[in-house]
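Visitor: I have a model on my screen and would like to learn how to read it. Could we go through it together, one idea at a time?

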Amino acid sequence: MKVTDEKVSIDGIDKIILNFLMEDARKPILEIARSIGISGAAIHQRLRKLEKAGLIEGSKLQINPRILGYKTLAFVGVFLDKAVSNPQAVKKLSEIPEVIECHYTTGNWSIFLKILCKDNEHLMNVLNKNIQAIEGVSRTETFISLNQQIKRQIKI
């Protein structure tokens with residue numbers, strides 16, 4: 001592994017280790033070690049270096065929101081009156097639990113959101129009572145996801 005100007009170069013062994021763990025973060029290190037022919041300690045050492053370099057941001061448990069009743073995924077473009085409203089709007093948006101991602105964007109919208117709701121009625125309430133009520137929000141444009149077709153991480 002080599003770090004240059006915030007870019008990390010990884011070797012073939014690093015890629016194999018990362019691919020195993022990206023597929024299943026709970027895969028035992030010793031199982032990975034046996035399959036590629038190096039020690040578990042060597043894998044731990046490589047993982048620590050990759051974490052220190054910032055390539056690995058951590059590991060997390062992933063919840064299936066549909067099992068909890070969240071069946072409506074929507075993307076919302078938010079139009080703000082003026083750019084100075086951005087920080088205040090983002091602060092208010094961060095207080096809405098249904099907002100799971102928030103991005104500053106180029107193009108028509110000031111902010112682009114990913115929202116998870118139980119159903120369309122729940123989405124309508126979040127839009128009308130929470131998002132559109134934020135000072136500086138002039139209007140929103142909503143796109144409901146019918147079905148996610150691709151979900152993956154960047155290829156290494």
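Predicted model: local features only at pLDDT ≥ 70, side-chain atom pairs only at ≥ 80, totals over all residues.

Guide: Helices (H or I, at least four residues) and strands (E, at least two) are DSSP runs, numbered from the N terminus. With those terms, in α3 the buried residues are G40, I43, L47 and L50. They cover an arc of only 85° around the axis, which puts them on the same side of α3. The arc is that of the directions from the helix axis to the C-beta atoms. On the other side of α3, A41, R48 and K52 are exposed.

Visitor: How many helices and strands does the protein chain have?

Guide: The protein chain has 5 helices and 6 strands. Their order along the sequence is β-β-α-α-α-β-α-β-β-α-β. The radius of gyration is 21 Å, well over the 15 Å that the globule rule gives for 156 residues, so the protein chain is more spread out than a compact globule. That radius is taken over C-alpha atoms, and the globule rule is 2.2 Å times the number of residues to the power 0.38. Along the principal axes, the C-alpha trace spans about 60 × 40 × 25 Å. Of the 156 residues in the protein chain, 27% are buried.

Visitor: How do I check the length of a helix?

Guide: The expected span of a helix is 1.5 Å times one less than its number of residues. Helix α1 (residues 12-23) has 12 residues and reaches 17 Å from its first C-alpha to its last, close to the 16 Å expected. For α3, with 13 residues, the reach is 18 Å, close to the 18 Å expected.

Visitor: Which residues of α1 are buried?

Guide: They are D14, I17, L18 and L21. Seen down the axis of α1, these buried residues fall within an arc of 95°, so they line one face of the helix. To see what they meet, we use contact, meaning heavy atoms within 4.5 Å. The buried residues of α1 pack against α2 (29-36) and α3 (40-52). For α3, the cover over its buried residues includes β2 (7-9), α1 and α2.

Visitor: What does the side chain of D14 pair with?

Guide: Here we need the polar contact: a pair of N or O atoms within 3.5 Å, where within protein one must be able to donate a hydrogen and the other to accept it, and residues adjacent in sequence count only if both atoms are side-chain atoms. The side chain of D14 forms a polar contact of 2.7 Å with that of R46. D14 has a relative accessible area of 2%, so it counts as buried. At the start of α1, a side-chain oxygen of D11 comes within 3.1 Å of the backbone nitrogen of I13.

Visitor: What lies just after α3?

Guide: There G54 takes a positive phi of about 90°. A53 is in the loop between α3 and β3, and A53 is partly exposed, at 30% relative accessible area.

Visitor: Where does T72 sit, and what is it in contact with?

Guide: T72 belongs to strand β3 (residues 72-80) and is buried, at 8% relative accessibility. Leaving aside neighbours within four places in sequence, T72 has contacts that include I115, C117, N120 and I144. With N120 there is a side-chain to side-chain polar contact of 3.5 Å.

Visitor: Is L113 buried or exposed?

Guide: L113 is buried, with a relative accessible area of 0%. This residue lies in strand β5 (residues 111-117). Not counting residues up to four places away in sequence, L113 touches several others, among them A74, F75, V76 and I131. L113 and H103 are 10 residues apart in sequence, and their C-alpha atoms are 6.4 Å apart in space.

Conventions
Residues numbered from 1 in each chain as written. Heavy atoms only, no water. Buried < 20%, exposed > 50% of the residue type's maximum accessible area, 1.4 Å probe, protein only.
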